[in-house]
Each structure stands twice: as C-alpha cells, then as structure tokens.
Amino acid sequence: MNALLLVLAIAPGLLISYWVYRLDLYDKEPRLHIALSFVVGIIAAFLAIKIETWGATHWRLPQHIGGVILSSFILISLVEESIKWACLLFYPYRQPFFNEPMDGILYAVMIAMGFATFENVMFAWKHNLTTMLLRAFTAVPAHALFAVIMGYYAGSAHFSDKKPSVLLFRGWLIAVALHGAYDFFLMQKAYKELTLLALVTLALCLYLALRLIKLHQENSPFRKEGG
C-alpha cells in the first residue's frame, strides 16, 4: 500500500469527524473523549471484521437474491450497527460529559469514523486508487450518516423521561435498516438499475441527518443559556 492510498483511507474519516465536531456549537466536548471514541470505533471495526469473516466462511450464503439479503442485512448491517450501537451505549452514553442531546450525534459519528477508517485501511491493502476514491465519497460518509441517525435517538433517549429504551431501539433499528438497504442495492447483481438506489439511500440519509443535527442544535440547553 503506497502513501497516497493510506492518505485516502484515513483522510475522509478525519475530515468528517472535524466537520461534525464543528457542528457541536454550544458546549464543545473534551478532545480526549472524542479521540477515545474514535479509537473505540477502530476496535469495533476489528471485532466486526472478525465476525463477518467467520460468518462468510461458515454460512456459505447462496449467491441468489436471498443470500444477498441475508448478507447485507444480517452479516454486515446487523453486525456492524449493533457493535457501534453497543460501543456508544457502554462508553460515552453513560459518562457525565454526555450532557446534551447533540452529544449523541457527535460521539456516534466519532465511533463510526474510527470504524470506517479502520475498514478503509483494510480495503486499501487490497484495492486500487479508484476504489479508495469511490469509498471516500460513498462508504465512509454512509457510516457517518447512519451514525447521525442512531446518535440523534441516543441523544433524545438520554434526556427523555418517557421510554428512553424505545428511542434507543428505534435509532438502532433505523440505522440497521438503512445500512442494510444501502449494502443490498450495491451488492445485488440481478438488476443493475437498483445500484442507483444506493445513491438515493445516501441522499435520503443526508437529508434526514442534516435535519436531525439542526433539531439537536436548536434544542441544546446551552443554546438557551447563551441566548
């Protein structure tokens, strides 16, 4: 792997992390915990790859459409989003520095970007410049967008008095569903036209993510204090 591929593998996750950090307008989070969340995401990716490799080896899923559904929604999406969700809940979610709804989005994205960066480095060992450029504008942002949605519900749940577990479950479920749909549209080979729906899924996620970020920004308790 040459230096350019390594930069292309690492840079997208760092740039998205910085962008989301800048969106945390009213109560900046400690950089140490942001960095630790990123590292937690790297560990999560290592674990997910081990599980997915084991699953692909032992399940021997068929190549027809049913096998693609199982692979995209179960072996990949369910595994990856569940691990990231668990990391979010067991580390930043329970800490005292998690003190406003926007923190759900921020820390979810940091974990996701650590995850995506490690995944990207693994891809860089086996793929070329074209693949890494494509992933920089699709796969890595996709992880971030799924994380925004999951993190929105985590932030809402943390400060809700009414069934926070339902909100947490909803965020996890939506992230799994969107991730699975995105991967399915890319992985299926039966209908080439369906591949375009992966981009439609990303566009939908981007629209939704921007709205959810704005909602948490507007509802920040520190915004009210600051006037």
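This is a predicted model: local features need pLDDT of at least 70, side-chain atom pairs count only at pLDDT 80 or more; totals for chains, interfaces and linings use all residues.
View 1. Local features need pLDDT of at least 70 and side-chain atom pairs count only at pLDDT 80 or more, whereas totals for chains, interfaces and linings use all residues. Residues are numbered from 1 along each chain as its sequence is written, and side-chain values use heavy atoms, with hydrogens and water left out.

**View 2. The helical fold.** The chain has nine helices and zero strands, assigned as DSSP runs (helices: H or I, at least four residues; strands: E, at least two) and numbered from the N terminus. The C-alpha atoms fill a box of roughly 55 × 40 × 30 Å along the principal axes.

**View 3. The largest nonpolar core.** A nonpolar core is a set of buried Ala, Val, Leu, Ile, Met, Phe, Trp, Tyr and Cys residues joined through side-chain atoms within 4.5 Å. The largest has 57 residues, and those with the most contacts inside it are Ile-16, Tyr-93, Ile-105, Val-109 and Met-113. Helix H4 gives the most to this core, with 13 residues.

**View 4. Surroundings of Ile-105.** Apart from neighbours within four places in sequence, Ile-105 is in contact (heavy atoms within 4.5 Å) with Val-148, Gly-151, Tyr-152, Leu-212, Ile-213 and His-216.

Notes:
Buried means under 20% relative accessible area, exposed over 50%, partly exposed in between (1.4 Å probe, protein chains only).
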